[in-house]
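Reader: I have a structure to learn from. Can we go through it in short questions and answers?

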Amino acid sequence: MTVGLILVSHSADLARGSAELARQMAPSVIIAPAGGSDDGGLGTSFDAITQAIGQADTGSGAVLLYDLGSALLTAETALEFLGPELAGRIRIVDAPLVEGAVAAAVTAQGGADLDGVAASAADAGASRTDHGAAAVAPSRDRRWSDRPAQSVTATVSVVNPLGLHARPVATLIRSLLSLSVEVTLGRPGGQTVDLRSVLRVVALALRGGEQVEVVATGPDAVTAEATITALISGGFGETGDLPKRIPPARMGAAPARMGNAPAGMSSVGGPTIIDGVLTAQPGAPGLAIGPLVRLDRAPVQLGDAAPAAGNRFDAGQQGELLDAAIAAAGQKLSTGNQFEVAHAVLLADPEMRAAARLALADGSAGAAAAWWGAVGRTADRLADDPDELVAARAVDVREAGAAVLTELGVVVDRIPAGLTGAVVFADDLGPGEVPVLLEMGVAGVVLSRSSATAHAVIVARGLGLPMILRAGDEIGKLPTGSELVLDGEAGTVTVAPSPQEGNRIRQRIQEMAQESRTLTEAAKGPVYGPDGRRIMVVANIGSLADAKAAVESGADGVGLLRTELLILDRETYPDEDTQTADLTAIFEVLGDRPVVVRVLDAGGDKPVTALDLDPVHNGFLGIRGLRYLLAHPDVLQVQLRAIFRAAVGHRVSVMAPMVSIAAEAVAFRKAVDEAVASLVEQGLAHQAPEQIGVMIEVPAAALAADEICAVSDFVSIGSNDLTSYTMAADRTEIGVADLIDPASTAVQRLLDQLCAFAVASGTPVAVCGEIAGMPEQVMGLLARGVHELSVAPARIPAIKGLLRSRR
Ligand code: PEP
Ligand code: MG
């Protein structure tokens, strides 16, 4: 096997061109170009270099040549994370790229060994600068090219409340990409970590109000230090009050009768079971009793194709598979919603990749197993952190890690059947799993990790699924089927209660259910505005579980079914039959309550993988909502036909999102007519919509609401987008969150005007944005003539109670 060559350049063209030239002289040498940044621009790419190393080294090693100093940095980083064995077979040579490549290729073609090829590349550099200049030694020690390295230290205050979490760290890393420098961060006098390791920096839990010491080393140290300190003291565009230091979770805080906290701690820091009771942290209130079922989030089978009997995995090949999967997952996540983008940032962390590479090195593990092991160890380390915000990142690491497994063809996060009445124990959950568990009849959830601010926990609270957090590992070690009592309010789990205690708990659960029914009962039935008009208090839903919650909360119907949420995670756009079945299930739960189905609002912060949207064209101001559907009539027709087929026997209306002008409302109406006509023609059972409406969520639509009302059966105010677009403030950008205020003068004036237009034209006007659930806004909306308030299911009893109290 010949020695290979890796050509690292800031320009993809230069790297490719040099490789081509060298190949002319040495056709049997593997020459792998690694040029350009990940986004195809000028720069260098960790991923590209790692891949190129994998290609060029076939066991005999490879020589790596580079063009500029920062390319060296990226190359060295890649080598560090590929592990010592592989790194030992790569020689970085400081020589002119083209001459070095040609000389090295020719020497390699002649069968020279690694040192011989490296020396000839270095000699090429010497011969070019011949006139007395010393030959440039093939060495990894000449780190900073010819410029002197220096070290600069500065201390700066963190001003953004959440401090150096994943997004700011990613910003800092990006700001240094073109500089030759290494930067470490830490509390003054405390532990320091390499800035490139996102997760290490996040784990420092540097929050607003704290001091951070920045040490920059290298030729560009001065520039780097100035850049970093400016970014940190600028607050990354985030605003808000500085938080008090977030206290560690109440893990292991024993109940009064049990004595103090240390007695409840296990040797690994989680709470222990004392006298049959484990005390952890409350997550979502409620009482549950049932058999323990462990929810194993690890993939059932890691899916690495086994090596031939007796053989080991090919480390290089598995590494390539893993790199490709990480790159593909990162690429997909980086165009997703804000959570997914944050996951993409975590995937860029070099440590997990390095750990996985190490695990691959001896050939005993395949790509999936090596990766999942590295993910697990990283997540565990974070989850054990006493800082809640750091611990909460563990689930993100697993989610991001799972995305890579998916790219490797592995099925993850399978939830077993037979969970009815069970108390589920899991390491952690993703937000999408909570409604699934609820639908399956799970009675309660014990999480060994997580935090009160995690999204899944917020969802559980919203849906009323009892949950406790940070319970450690002890419950998970009990035999499956052990009876558990979970108190989500107190944060306790009682193991194997006595029969009397079990009966008492069951009775209490029944009493609580009765109390809740009474409360909900009070919410059922009609409510009226101060002027005696019937006000419909209806629900915003996005799943079957939401539909059930809406009915249970006493909703008069559904004012907004966000259909994009039904397909957000699907790989392909569901066909008409599948959509019909999904909608039928929801309509059946709602019975004869009226339901407004909003056609797909794809785009903006709702990427809808199945539709292959791109974040630029389909962003907030781009081809979003109805704009997309009018440009893709097939997608709209499939959805409309499914809605009307499922609507048989129900009271279904349809509504279009993101309408700006009356002509779009007319086009939507035409599309509805077309879908109905096609169903009639084919003789398929269906029901035409009761009403055809549009959302008013764009300032243009609010200002021209008279024209839009003239062609619509009803309008529904989407105050979320209306506020965002009016204030020119992105809904997902935390830095402008203060501007997203529907009480602002501008939004209130728009509401005045658009409601006046609607009332004057006799067009019913509903509100389905968050403003409809804000008690301080509700009476003002009714005074403007709004007849329907559409809110989250959990808000329905409160809003109905409010209206009753105001009569
Ligand atoms: C809105 O914009 O207020 C609205 C209800 O739609 P969504 O939140 O789904 O964009
Ligand atoms: Mg909207």
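Reader: Is cysteine 755 buried or exposed?
Author: This is a predicted model, where local features need pLDDT of at least 70, side-chain atom pairs count only at pLDDT 80 or more, and totals for chains, interfaces and linings use all residues. Residues are numbered from 1 along each chain as its sequence is written, chains are lettered from A and ligands numbered from 1 in the order written, and side-chain values use heavy atoms, without hydrogens and water. Buried means under 20% relative accessible area, exposed over 50%, and partly exposed in between (1.4 Å probe, protein chains only). Cysteine 755 has 1% relative accessibility, so the class is buried.

Reader: How many disulfides are there?
Author: A disulfide is a pair of cysteine sulfur atoms within 2.5 Å. The count by this rule is 0. For cysteine 755, the nearest cysteine sulfur belongs to cysteine 709, at a distance of 9.3 Å. The number of disulfides is 0.

Reader: How far is a polar side-chain atom of arginine 562 from an oxygen atom of ligand 1?
Author: A polar contact is a pair of N or O atoms within 3.5 Å. Arginine 624 has a side-chain N or O atom 3.4 Å from a ligand 1 oxygen. For arginine 562, the distance is 2.7 Å.

Reader: Which helix gives the most residues to the shell around ligand 1?
Author: Helices (H or I, at least four residues) and strands (E, at least two) are DSSP runs, numbered from the N terminus. Strand E20 (558-562) and helix H27 (719-727) each give two or more residues to this shell. The top contributor, with 3 residues, is H27.

Notes: A polar contact is a pair of N or O atoms within 3.5 Å; within protein, one must be able to donate a hydrogen and the other to accept it, and residues adjacent in sequence count only if both atoms are side-chain atoms.
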